[in-house]
Amino acid sequence: GSGARLRGGVPLVAAAGWYCWYSWGAAATRTSGCCRLCACKGQHPGVRLVGIRGPCAVRAEPGPFCGTAVCPTDTLCPQWPYCRKHCSYCSFNKYVVPAVDEAAVRACLVREAQTLLRLGHVRSVTSVFFGGGTPSLAAPRTIAAVLEAAAEVAYLPAGAEVTLEANPGSADPARLSGFRAAGVNRLSLGVQSLDDAELRLLGREHTAAEARAAVEAARQLFPGRTSLDLIFGLPGQSHEAWARGLEAALGLCDDHLALYQLTLERGTALEAQVRRGALPEPPEELLADMYLSARTALAAAGFHQYEVSNFARKGARSTHNLSYWRAEQYVGVGPGAHGRFVPWGEGGRQREARVQTPHPDAWMREVRSCGHGTRRRAALSPLDQLQEVLALGLRTDEGVTQQRWGLFSPRLSLEAAFGAPGEARELQERGWLRLNGRALRCTPAGLPLLDSLLPALLCQLRRRWNAVQEEDGGGRDSR
């Protein structure tokens, strides 16, 4: 009927006066007339029509090498690049300045968000994560403006997860109330430690008492949706000190914890101190013991480990973070932000890795001039994307599912890639990896070893991929 037609294998939705359902992952969205999730106007050749239910209900699924929906659903990742001080361990893109022209930054965040969402033909934003920098230093009206801008060009469901990273030093009750009124419904608090000496070593601006007060305020305003970040493996930190800190955090926290092993990044003050010998480098055996004992303690407290560093109870998993590990599309906005999406609006047909200009002043000039400040972009080949699917998916308890793998690799199945004799088979025999009809995933014993397992698995994937390409005469798909 008039609900859809095919032209050269491309589904066109021309449903004026009809109700259209576009089914992709979560529950379908229904609107009157031409659905906001169906207004693709034939721009997505990687999709085939699989059926019409009723007079105008359209359901589509991806064609070869298409991990992108016909009408894309993306997550949005705005970055606020400013901090009040430089932490001794942090190598993120951040800037400490005497004053911030927040009105100018806000206007550029709004413009770039709308430009990139339109460029990606994004019809639905499934979640939003405000990172940084220290986004809790932004005014609540800046957060509200970005959310309103996204909702003007894409569908932003009322219940979509909207997370704000916050430092305890800028998380007083009045400020948190403002963020909640702006649309934030989940908070990620960078506590890092509940020991004042450790906080000073990390160069944090807050004290342990301020961290406790911030957590209590956050739990009042965001019950069940407050996450705490903790760092372990500090120079000179003992196993006993880490155990005490984790116990204190468990007595304070809500239903989500993220545990990160300290990485000594070159260019940071802490790395320089360790390199000079002023501070001791933690032994690998101690780091492993800290991680394994923390997993045990969290399991005893009712937490389930759903990713290498993330633990949740009572269903408090972060849907936004899961979208990263499932290799879904995301749009990065703001200085230094990273993104992964197909720029349909520029005639693109391949997912790209994009990085925005890092320095705020240069970024703002580019946004004012061009609508966005994309500094680097690189098309990701099908193999590039599969490698990301593998490396990210194995971080999770669900692993790389057969369904998700098939979205990116219709020719090379998980079984064909990793079931044959080779590195993956050896890892399965050692009890570190498991492959079945549902997924390829790490076992609980293999998950802490993932970094050392990945090189062999990626090598096997590339070898099997090249073999399939040779069988196909070099391959026909180029998304």
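Predicted model: local features only at pLDDT ≥ 70, side-chain atom pairs only at ≥ 80, totals over all residues.
Residues are numbered from 1 along each chain as its sequence is written, and side-chain values use heavy atoms, with hydrogens and water left out.

Let's start with two helices. Helix α3, residues 173-182, packs against helix α5, residues 208-221, at an angle of about 35°, and their axes are 10 Å apart. Those axes are lines fitted to C-alpha atoms over the stretch in contact, with angles running from 0 to 180 degrees between N-to-C directions. So who touches whom? From α3 come Pro 173, Leu 176, Ser 177 and Arg 180, and from α5 come Ala 214, Ala 217, Ala 218 and Leu 221, where contact means heavy atoms within 4.5 Å. Sorted by type, the residues of this contact give 6 nonpolar, 1 polar and 1 charged; Ala, Val, Leu, Ile, Met, Phe, Trp, Tyr, Cys and Pro count as nonpolar, Asp, Glu, Lys and Arg as charged, and the others, Gly among them, as polar.

Now for the charged pairs. A salt bridge is a side-chain nitrogen of Lys or Arg within 4 Å of a carboxyl oxygen of Asp or Glu, and the whole structure has 17 of them. In one, Asp 397 meets Arg 317 at 2.9 Å, N to O. Asp 397 sits in the loop between α11 and β19 and Arg 317 in the loop between β14 and α9, so this pair ties together parts 80 residues apart in sequence. Asp 397 is partly exposed at 26% (that is, between buried, under 20% relative accessible area, and exposed, over 50%, with a 1.4 Å probe and protein chains only).

Glu 398 pairs with Arg 326, their closest N and O atoms being 2.8 Å apart. Glu 398 lies in the loop between α11 and β19 and Arg 326 in the loop between α9 and β15, so the pair links parts 72 residues apart in sequence.

Another bridge joins Arg 411 and Asp 472 at 2.6 Å, N to O. Arg 411 is in the loop between α12 and α13 and Asp 472 in the segment after α15, so parts 61 residues apart in sequence are tied together.

Methods. Helix = DSSP H or I, 4+ residues; strand = E, 2+ residues; numbered from the N terminus.
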